[in-house]
Amino acid sequence: MEEVPHDCPGVSSAQAGRGASCQGCPNQGICASGAGAAPDPAIEEIKERMKTVKHKILVLSGKGGVGKSTFSAHLAHGLAEDENTQVALLDIDICGPSIPKIMGLEGEQVHQSGSGWSPVFLEDNLGVMSVGFLLSSPDDAVIWRGPKKNGMIKQFLRDVDWGEVDYLIVDTPPGTSDEHLSAVQYLAAAHIDGAVIITTPQEVSLQDVRKEISFCHKVKLPIIGVVENMSSFTCPKCQKESQIFPPTTGGAEVMCQDLKVPLLGKVPLDPRIGKSCDKGESFFAEVPDSPATLAYRSIIQRIQESCSLRQPKGENLVGS
Amino acid sequence: MEAAAEPGNLAGVRHIILVLSGKGGVGKSTISTELALALRHAGKKGKAVHQCDSGWVPVFVDQEQSISLMSVGFLLEKPDEAVVWRGPKKNALIKQFVSDVAWGQLDYLVVDTPPGTSDEHMAVVDALRPYSPLGALVVTTPQAVSVGDVRRELTFCKKVGLRVIGVVENMSGFVCPHCAECTNIFSRGGGEELARHAGVPFLGSVPLDPELTRSLEEGRDFIQGFPESPAFPALSCIAQKILNEAPVGLC
């Protein structure tokens with residue numbers, strides 16, 4: 001009976017291709033030859049690109065469908081409300097790129113300039129990039145294995161001319177795999193401020209999110225905090241509260257206490273959020289007084305405070 | 001190819017259903033579980049499964065051994081352990097799940113997948129191809145953001161030659177337990193429209209029911225425990241359509 005493969009030692013480690021867990025891995029030959037050991041030149045190139053980007057935030061979740069893209073989009077909208085703040089939103093969900101639709105930019109194309117790819121600008125101070133802009137039809141499937149997805153992410157980080165940016169928000173797919181490893185590895189030299197982790201209250205989500213928190217610890221990615229989304233639902237007719245995704249084990253609050261990570265806030269379920277996303281509009285503009293809007297704004301403020309506590313980009317910082 | 005070398009392990013499986021979605025969090029795992037329970041309740045007698053020494057033994061959910069389960073979750077030392085693997089390693093494990101698990105005689109094998117159209121999906125379709133899978137059940141929620149991703153999944157199915165049994169629309173409306181008002185929290189209509197656009201059957205809509213989530217987390221059998229739930233008729237209907245597609249015959 002074959003043993004379960006243990007963690008890959010890492011393509012650049014001394015054990016690459018030689019470890020016991022390498023047996024049977026299709027990349028074993030490449031790793032053993034030492035080809036993977038040389039540092040990827042892209043990492044330095046990305047570090048150069050990122051010199052003009054002050055703060056980098058990854059939006060993660062182990063679990064799918066908790067609201068990462070919704071949150072990323074609205075974090076971008078919220079930060080960009082101050083016209084003096086330059087915001088960039090990068091969507092690295094290669095198979096399911098939702099950001100173009102949520103930002104109302106479906107059908108837009110990416111243009112090349114002398115200094116690299118131009119992001120699609122929603123506002124003068126809000127630029128967006130996603131694989132969605134490179135697909136010609138909404139039915140096109142991106143059926144790529146890990147290495148090709150990694151290549152795309154490398155290009156997004158290295159070749160997009162973001163310009164002077166205060167906040168780069170990176171929206172990710174669910175999980176702890178290629179996309180997440182690549183984002184962290186390629187940005188290694190450029191200093192990521194941290195990760196915002198999204199969850200919903202029920203244990204099925206939290207179980208995956210705990211793994212995501214483990215992942216962050218493993219790759220030494222600081223955690224800015226956790227957001228509990230879809231916390232509760234207020235019936236528009238009778239105004240009574242229901243918990244559609246019951247926090248059977250105490251929700252994000254208990255998890256955050258157990259794992260000693262900050263809880264940034266809880267966002268209630270508001271059907272108008274989904275509708276705004278479907279229409280590609282900012283929820284803040286649609287329903288400025290909703291409890292969900294207030295919750296978002298408070299969370300965004302906490303994120304800004306957390307970023308300003310970290311050293312502002314300017315000097316060459318050793319990666320986290 | 002490993003599959004040809006080990007005809008035994010999946011040879012006793014009559015029908016294979018892949019549960020897919022381009023989108024995360026739409027309820028693939030929930031629907032997979034409820035489908036397995038509903039198929040079991042439809043009266044398919046559990047056949048005895050051999051406890052082999054020459055393969056991994058799946059975990060049995062119940063005493064009658066009518067539902068068995070295999071997942072990487074069982075192989076982790078701690079539940080919070082992150083599986084930080086790149087594509088090739090995930091592919092290798094999926095091949096092992098297909099060829100090295102002693103499934104024995106099964107009426108249905110339901111395969112729950114992660115969101116996307118990447119390594120895991122290609123690996124499982126390749127590994128299962130020799131066994132002529134029955135087809136794919138594609139799950140979406142009603143809103144356009146979901147449908148936007150799930151259309152790509154349907155393209156994937158077409159490209160790899162995987163027959164789509166139909167589309168299931170999950171989280172279709174929430175009935176307030178206090179006043180019975182139905183609110184379309186995640187919009188409405190997307191699933192049916194998607195099925196029409198892609199020319200595949202629409203199998204039904206499953207409404208939101210917090211009791212469903214609760215029963216899943218507590219490991220209870222929702223189909224048995226909550227026949228009054230609004231989700232129950234929808235789930236039973238979907239299971240029935242699958243049974244009609246792939247009758248198991250006299251057993």
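Tutor: We start with a term: on a 1 Å grid over the protein atoms alone, a cavity is a set of points where a 1.4 Å probe fits but cannot get out. Keep in mind that this is a predicted model.

Student: How many cavities of 30 Å³ or more does the structure hold, and what volume has the largest cavity?

Tutor: The structure holds one cavity of 30 Å³ or more. The volume of the largest cavity is about 30 Å³.

Student: Why is one side of two strands in the open sheet of chain B left without a neighbour, and which strands are they?

Tutor: The open sheet has five strands with parallel pairing, in the order β4-β1-β5-β6-β9. The two strands at the edges each have a single partner strand, so one side of each is left without a neighbour in the sheet; they are β4 (106-112) and β9 (202-205) of chain B.

Student: In β4(B), what is the bridge partner of B:Val13?

Tutor: Strand β1 (residues 13-20) of chain B runs parallel to β4(B), and six bridges join them. In β4(B), the partner of B:Val13 is B:Leu106.

Student: How far apart do the C-alpha centres of domain 1 and domain 2 of chain A lie?

Tutor: Chain A is divided into domain 1 (1-38) and domain 2 (42-310). The distance between their C-alpha centres is 32 Å.

Key. Residues are numbered from 1 along each chain as its sequence is written. Chains are lettered from A and ligands numbered from 1 in the order in which they are written. This is a predicted model: local features need pLDDT of at least 70, side-chain atom pairs count only at pLDDT 80 or more; totals for chains, interfaces and linings use all residues. Side-chain values use heavy atoms; hydrogens and water are left out. Domain bounds come from an automatic or database domain assignment. On a 1 Å grid over the protein atoms alone, a cavity is a set of points where a 1.4 Å probe fits but cannot get out, and a pocket is an open set with protein on both sides within 12 Å along at least five of seven lines; lining residues have an atom within 4 Å of a point. Grid points are joined across faces, edges and corners, and a volume is the space filled by probe spheres set on the points. Two strands pair if DSSP finds at least two bridges between them. Helices (H or I, at least four residues) and strands (E, at least two) are DSSP runs, numbered from the N terminus.
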